[in-house]
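Colleague: Could you walk me through reading a sheet and a helix? I'd like the general idea before each case.

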Amino acid sequence: MLGGASEVGSLSAYVENKGVRMLFDCGLTPSKPPKYPMKPPAVDLAFLSHAHIDHSGMIPWLCATYGMDVVATKPSVVIGTMLLEDSVKVSSLEGYPAPYDKGDVKLLKRHFQEVTFDDILDVGGMDVVVHSAGHIPGAAMYEVQSDRTMMFTGDINTLDSHLVNGAKPVKCDILVIESTYSGRDHPPRKETERHFLNKTKEVVERGGLAIVPAFAVGRTQEMMMTLMNSGLNVVMDGMGSAVSRHYLNMPQYLRSPERLADAVAQIKAVRNPGDRKTVAKNADVIITTSGMVDGGPVLNYIAEKKNDKKSAVLITGFQVEGTNGRMLMESGEMVIVGERSKIHCELGFYDFSAHADHNELIKFIKACEPEDVVLCHGDNRTALANDLKVDGFKIHMPKEGQQIEL
Ligand SMILES: [Zn+2]
Ligand SMILES: [Zn+2]
């Protein structure tokens, strides 16, 4: 495990089998300063589970250094490239230069080996099967068939969301699985949606603006589909609208392209940053980036409304330690243009997670019937380990930098 083993972020796992050197994900944590995984050794082939930066953030560096190919689905290629280009731009703005530049991202584009679900690749004589992980469109799990079959899940969701269908278990001997929600269960999604919609309407009725920070990739579209047909004046701002357009061009990766198209048609996007003040005044709800309130247009809207008790900031997902969103949830304060300010808006948290929760992970793991379970990408893996040990699974919780032989 090179990174993201005992924490949610910068995931990277190096796997050697029959002389083939493979890397699964190579992410970075977009905190300030960003966190990186350990430097991987040279690899023959890399696999990207999905576009999110905590899985993809270091792939351009990897490719520029070793020149190997990167296996990924089309949405991961298209959206991943977009996020990486943005991350180069943002990092130079924020004074934490990325360990690669625009040219490296361009080079990476030529090294992608595009796959789709159910494809079987020949990797040094081993078959590698691509499965859907249900987390965001195109998120993949990789099953490496050998003397013992190993599956790397990346981030998974086993329940159907508005955007994608849930992941199905795959029989394997060794399961390398994320554990973000180990020890925690999500409230039923329908209930979360109801609470969220009720709160949004309450904010609008009292004359406030509901500010909904959401990742551009996955969460924005999920929130659009949650808010469509609500009768509210919902507007979106940020990269999410470009992502939605790309998704509509890859309908086979969506649960319902028709519903996403409908949401995109209903929800206007802010095209000109100069319009933000007017939008803040006239809209009911604004869905905007970044999801962890660390940059992007969300800062404009919060700055505009920070003294308005009628308005609300409704957080829609897990906030990583060290981010503005986490600070806001814990202290009611956040940093806007270098200054820590008190936010007087109502604050709300709604669990719209795209990760399987504790019980869903257990159900999924049992159905995969592995002998060995390697838990990673979680800061509380013991909770899951304790529940799994009872059932006789061999549990591994490698630390960052630790090597295990299976
Ligand atoms: Zn993810
Ligand atoms: Zn992740």
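Modeller: Happy to! Two strands pair if DSSP finds at least two bridges between them; strands (E, at least two residues) and helices (H or I, at least four) are DSSP runs numbered from the N terminus. This is a predicted model, where local features need pLDDT of at least 70, side-chain atom pairs count only at pLDDT 80 or more, and totals for chains, interfaces and linings use all residues. Residues are numbered from 1 along each chain as its sequence is written, while chains are lettered from A and ligands numbered from 1 in the order in which they are written.

Colleague: How many bridges join β7 to β8?

Modeller: Strands of a sheet pair through backbone hydrogen bonds, either parallel or antiparallel. Here, β7 (residues 126-132) and β8 (residues 140-145) run antiparallel, joined by six bridges. His 131 sits opposite Met 141 of β8.

Colleague: In what order do the strands of the open sheet come?

Modeller: The seven strands follow β6-β7-β8-β9-β10-β19-β20, with mixed pairing. β6 (120-123) and β20 (394-396) have a single partner strand each, so one side of each lacks a neighbour in the sheet.

Colleague: Now the helix: is α6 mostly covered or uncovered?

Modeller: A residue is buried if 20 or more other C-beta atoms, placed from the backbone, lie within 10 Å of its own. In α6 (residues 219-227), nine of nine residues are buried, including Arg 219, Glu 222 and Leu 227.

Colleague: What follows α6?

Modeller: Asn 229 follows α6, with a positive phi near 65°.

Note on methods
Buried ≥ 20, exposed ≤ 12 C-beta atoms within 10 Å, placed from the backbone.
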